[in-house]
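Please keep the structure in view while reading the points below.

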Amino acid sequence: MTARILVFAKAPIPGRAKTRLIPALGAVGAAMLQQRLTLHTLVTASRSRLPTQLWCHPDPRHPFFTACADGFGIPCRSQQGDDLGARMQYAATVALGEGVGPISHPASATDAGEIGDPVLLIGTDCPDLAAADLTTAAESLADNDAVLGPALDGGYYLLGLRRLHPSLFEGIPWGTDAVLAETRRRLAALGWRWRELASLADIDRPEDLAFLPPCLRP
């Protein structure tokens with residue numbers, strides 16, 4: 001079983017990327033960090049040797065994304081949806097359906113069971129995520145329905161799935177410290193089996209910069 005990595009990334013546009021870090025780094029500095037984190041994440045994904053897609057916001061035609069596609073030899077896709085949950089559900093549904101025929105309406109595959117390759121949804125905010133973690137998550141989906149990578153801030157840095165259910169994406173309080181606990185509650189309510197990886201830090205707020213590796217610091 002081969003899992004596919006779906007990397008969710010924002011274009012490094014000053015004033016629109018890593019906005020919670022602007023008080024500490026300035027708009028340009030925060031955008032530059034977004035760029036470095038994205039490249040770092042793509043290097044990590046490439047070292048895992050798992051197939052990878054880059055899901056882009058707001059436009060995969062941004063020069064940074066086209067350079068990533070060329071440099072890493074990966075496809076760029078456009079994020080679709082009004083919030084993070086909708087965007088993740090759309091991407092996961094499309095990716096899970098690939099290889100088993102076209103999906104005219106991605107939502108129709110929701111909770112469709114094991115279709116296509118499992119997916120690992122990650123952002124670009126967790127620089128301590130290693131290629132070995134991605135491999136472990138992929139292997140864990142052989143006998144688990146899901147894998148969670150808990151973040152120290154109460155969210156998660158990785159969600160691995162071999163099937164879908166809308167409750168994992170709808171009505172989640174995104175951007176709060178309740179995301180992880182609520183996702184665990186919903187997985188339990190579904191009766192799914194899941195594995196959790198080690199807790200790691202996301203780089204979202206000025207206080208998180210203490211966890212930034214020296215190679216990524218301004």
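Predicted model: local features only at pLDDT ≥ 70, side-chain atom pairs only at ≥ 80, totals over all residues.

The crossing of helices α1 and α4 is right-handed.

**Helices α1 and α4**

- Helix α1 covers residues 22-48 and packs against α4 at an angle of about 55°, the two axes being 8 Å apart.
- Angles under 35 degrees count as roughly parallel and those from 65 to 115 as roughly perpendicular; α1 and α4 are therefore oblique to each other.
- On the α1 side, the residues that meet α4 are Thr 44, Ala 45, Arg 47 and Ser 48.
- Their counterparts in α4 are Ala 131, Leu 134 and Thr 135.
- By class, the residues of this contact of α1 with α4 comprise 3 nonpolar, 3 polar and 1 charged.

**Helices α1 and α2**

- The axes of α1 and α2 come within 12 Å and cross at roughly 20°.
- Because an angle under 35 degrees counts as roughly parallel, α1 is described as roughly parallel to α2.
- The crossing of α1 and α2 is right-handed.
- Helix α1 contributes Gln 35, Thr 38, Leu 39, Leu 42, Val 43 and Ser 46 to the contact, while α2 contributes Phe 64, Cys 68 and Phe 72.
- The contact of α1 with α2 has 6 nonpolar and 3 polar residues, and no charged residues.

**The sheet**

- An open sheet is formed by 7 strands in the order β3-β2-β1-β4-β6-β5-β7, with mixed pairing.
- Strands β3 (76-78) and β7 (194-196) stand at the edges; each has a single partner strand, so one side of each is left without a neighbour in the sheet.
- From one strand to the next, the twist averages 20°.
- Strands β4 (residues 119-122) and β6 (residues 156-161) run antiparallel and are joined by 4 bridges.
- Leu 120 stands opposite Gly 160 in β6.

**Helices lying across the sheet**

- Helix α4 (residues 131-140) lies across β1 (4-10), β4, β5 (146-150), β6 and β7.
- The direction of α4 is at about 140° to β4.
- Helix α5 (residues 179-190) lies across β5, β6 and β7, and runs at about 160° to β5.

- Most residues other than glycine have a negative phi, and most peptide bonds are trans.
- Lys 18 has a positive phi, near 50°, although Lys 18 is a residue other than glycine.
- Lys 18 is placed in the loop between β1 and α1.
- With a relative accessible area of 10%, Lys 18 is buried, because buried means under 20%.
- Arg 49 is likewise not a glycine, and has a positive phi of about 65°.
- The loop between α1 and β2 holds Arg 49.
- Arg 49 counts as exposed at 76% relative accessibility, because exposed means over 50%.
- His 57 and Pro 58 are joined by a cis peptide bond, with omega about 5°.
- Pro 58 is found in the loop between β2 (52-57) and α2 (63-72).

Definitions and conventions
Residues numbered from 1 in each chain as written. Heavy atoms only, no water. Pairing = 2+ DSSP bridges. Helix = DSSP H or I, 4+ residues; strand = E, 2+ residues; numbered from the N terminus. Axes fitted to C-alpha atoms, helices over the stretch in contact; angles between N-to-C directions. Contact = heavy atoms within 4.5 Å. Parallel < 35°, antiparallel > 145°, perpendicular 65-115°, else oblique. Left-handed = near helix turned anticlockwise from the far one by under 90°. Nonpolar A, V, L, I, M, F, W, Y, C, P; charged D, E, K, R; others polar. Buried < 20%, exposed > 50% of the residue type's maximum accessible area, 1.4 Å probe, protein only.
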